[in-house]
Amino acid sequence: MFEDIFRMSGTRLGPGTLYGAIARLERERLIEALPAEERRHPYRLTAEGRRVVRAKLATLHHFARAGLRKLEAR
Amino acid sequence: MTPRRAQQLICLCPREWRVRYREEFQIFLEDHPLNLRAVLNIAGWAIYEHILSLGRGQVDQRQQSLTLMLYAYLAAVVAGLNFYWTVADTPLASTRQSYAMLFGSWNLVALGSVIALAAVVMVAAPVGFSLVRTACAEKRGDLVWRLAVPVCAGLVILTWIAAAGVATGAHWAPTP
């Protein structure tokens, strides 16, 4: 997850920031832990988490499209 | 990072959080290098979690945000007042008397700090009272202990000021 975030955003999260976010998302039942694989502790989105991410991505998509339209109109 | 260093850093985190995440966080830390940025990140986040966990279960997210803001304001106001009192016995104090503009500005800042402190105390008092009442009603010893920390810290500072005042004949502030 740590490396995925770095690849996607170019930002290395601090350990506290990452595990703070994991704890908050799990508390809000947006993610759930999967069985550990040796030293890896994977998580996956819950159905509610999937719904929230979809809604946020749709908002971002509309926002980006509107922004690009404005830029191209100039 | 060595297992020992990782354990020391994990000890900074709230107990209820450690119960759930200790094992995987330990592995995560051991797989990453120890540097100042990581230590500061964990320490800052642990303080944030301790503050949030004060009212978890009893207060909603808005009240938690309010509590955090109050802590931040209180820290800024206390720092301002401390600065004011620290320089009260330095050459700046006599310089203030010679320049009306400096004198006016200084007192304006001091007055602003006192008003801000009063405002924070007025808003924080009901929140604090509510937390103490909940802690007593639910017999949450851990909550009482955590709430006692800032009070004890304040008492230690006041005791130190009083002791320094007695020992130095009330000239405890740094003098040239």
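## Chains A and B: a predicted pair

Glu24(B) lies in helix H2 (residues 15-30) of chain B; here helices (H or I, at least four residues) and strands (E, at least two) are DSSP runs, numbered from the N terminus. This is a predicted model, in which local features need pLDDT of at least 70 and side-chain atom pairs count only at pLDDT 80 or more, while totals for chains, interfaces and linings use all residues. Residues are numbered from 1 along each chain as its sequence is written, chains are lettered from A in the order in which they are written, and side-chain values use heavy atoms, with hydrogens and water left out.

Let us stay with Glu24(B) for a moment. Its relative accessible area is 6%, so Glu24(B) is buried; buried means under 20%, exposed over 50% and partly exposed in between (1.4 Å probe, protein chains only). Once its neighbours within four places in sequence are left aside, Glu24(B) is in contact with Tyr19(A), His41(A) and Tyr43(A), contact meaning heavy atoms within 4.5 Å.

Helix H2 of chain B also holds Arg15(B). With a relative accessible area of 55%, Arg15(B) is exposed. The C-alpha atoms of Arg15(B) and Ser53(B) are separated by 9.9 Å, and these residues are 38 apart along the chain.

| Residue | Relative accessible area | State |
|---|---|---|
| Glu24(B) | 6% | buried |
| Arg15(B) | 55% | exposed |
| Arg29(A) | 66% | exposed |

Arg29(A) sits in the loop between H2 and strand S1 (31-33) of chain A. Its phi is near 60 degrees, a positive value in a residue other than glycine. Most residues other than glycine have a negative phi.

Now to the interface. The size of an interface is often given as the accessible area lost when the parts come together. Between chain A and chain B the buried area is about 1600 Å², with carbon and sulfur atoms giving 53% of it; this is the accessible area (1.4 Å probe) that two parts lose on being put together, summed over both. In chain A, the residues that lose the most area to chain B are Pro15(A), Tyr19(A) and Arg39(A), together 38% of what that side buries. The contact draws 18 residues from chain A and 20 residues from chain B.

How many salt bridges are there between chain A and chain B? The count is 3, each being a side-chain nitrogen of Lys or Arg within 4 Å of a carboxyl oxygen of Asp or Glu. Glu26(A) and Arg20(B) meet through their side chains in a salt bridge (3.0 Å, N to O).

Chain B itself has 7 helices and 0 strands. Of its 176 residues, 27% are buried. Among contacts in chain B with a separation of 6 or more, 57% come from residues 24 or more positions apart.
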